[in-house]
Amino acid sequence: MKVFSNSVTFNYSWEEVSIANWQKYGPWNDKSAHVIAVDTLNRSVDPETGILRTERLITCKQSAPKWLQSVLGSADTSQVFETSYVNPAEKTVTMVSHNLTMSNLINVEETVVYKPVNGKQTQFVQDARITALCGGWQRIKNNIEDALVTRFRENAVKGKEGFECVLAMSRRAFAEEREREQNGQLMMA
Amino acid sequence: MSASLAPECNEVKERYDACFLKWYSEKYLRGNGKTDECANMFKDYQKCLKVALEERKIDKLLDEAREDSKDHDSVHLKRK
């Protein structure tokens, strides 16, 4: 098993980050072309804790290195199952993701947590555990795990840049919305 | 917002996503998340998506993944 860990601080409030998180793979993100679709499968608010639980299916363009695709058999797309928990009392968003594709050969479990640093900053903590399950030489398994860790490292940089764009656009959209509402109220008065 | 894996569901998905985001930012984060005003839109979206998942044989994979992720619920939903 290999582990990839990463942490980033965004200069936006937890509320802003948690809203933008739902738009992370939308048109505002020019660094997420590999994400083709994001579908919501289930969503509920826990009546006791107020925690919002969401299940999503994320469909990506296959991005495994070519040699790995030839070892494991390639498909055009790969899919990830994500369960997320928003805890508004503690101000945390926790997202746990698993690969659906090739899950008999590789197990990738990623956990992401967003929590406030202060009123204006939010920390993103990412932790991925990668295990090659296929039988055979340990050296091959190691190579597969290393290749996926490298891919996580590359995507982490793109992920931060892309999300920064979404955060900026989201803040601007909300400011414009507020302005429209205020103008509307002035017109009414 | 993002597309659906099934293009035929894009329209109902978009309507639901917009409703959800409004509810999330204006109600839920402000502590008024009890009512779910997007429920009907979610139903329409799921009706469309269910067919697409079955066609692509993803529904079975999802059932397995759901079974595997039950442990996460007990940790993150703070259930005893």
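## Nonpolar cores of chain A

A nonpolar core is a set of buried Ala, Val, Leu, Ile, Met, Phe, Trp, Tyr and Cys residues that are joined through C-beta atoms within 7 Å. In this predicted model, the largest such core has 21 residues, of which Phe10(A), Val17(A), Ala20(A), Val86(A), Tyr114(A), Val166(A) and Leu167(A) touch the most other members. Helix H1 (14-21), strand S4 (77-87), strand S5 (92-99) and helix H3 of chain A each give two or more residues to this core, and the largest share, four residues, comes from H1(A).

Helix H3 of chain A runs over residues 138-188, and its 51 residues reach 72 Å from the first C-alpha to the last, which is close to the 75 Å expected at 1.5 Å a residue. Its buried residues include Ile144(A), Glu145(A), Leu148(A) and Phe152(A), as well as Gly159(A), Gly162(A), Val166(A) and Leu167(A).

Val166(A), when its neighbours within four places in sequence are left aside, is in contact with Ala20(A), Gln23(A), Lys24(A), Trp28(A) and Asn29(A).

## Where chain B meets chain A

Between the two chains, 23 residues of chain B are in contact with 31 residues of chain A. On the side of chain B that touches chain A, helix H1 (10-26), helix H2 (39-55), helix H3 (59-68) and helix H4 (70-76) of chain B each supply at least two residues, and H3(B) gives the most, with four residues. Sorted by class, this side of chain B has 14 nonpolar, seven polar and two charged residues.

Notes
Residues numbered from 1 in each chain as written. Chains lettered and ligands numbered in written order. Predicted model: local features only at pLDDT ≥ 70, side-chain atom pairs only at ≥ 80, totals over all residues. Contact = placed C-beta atoms within 7 Å. Nonpolar A, V, L, I, M, F, W, Y, C, P; charged D, E, K, R; others polar. Expected span 1.5 Å × (residues − 1). Buried ≥ 20, exposed ≤ 12 C-beta atoms within 10 Å, placed from the backbone.
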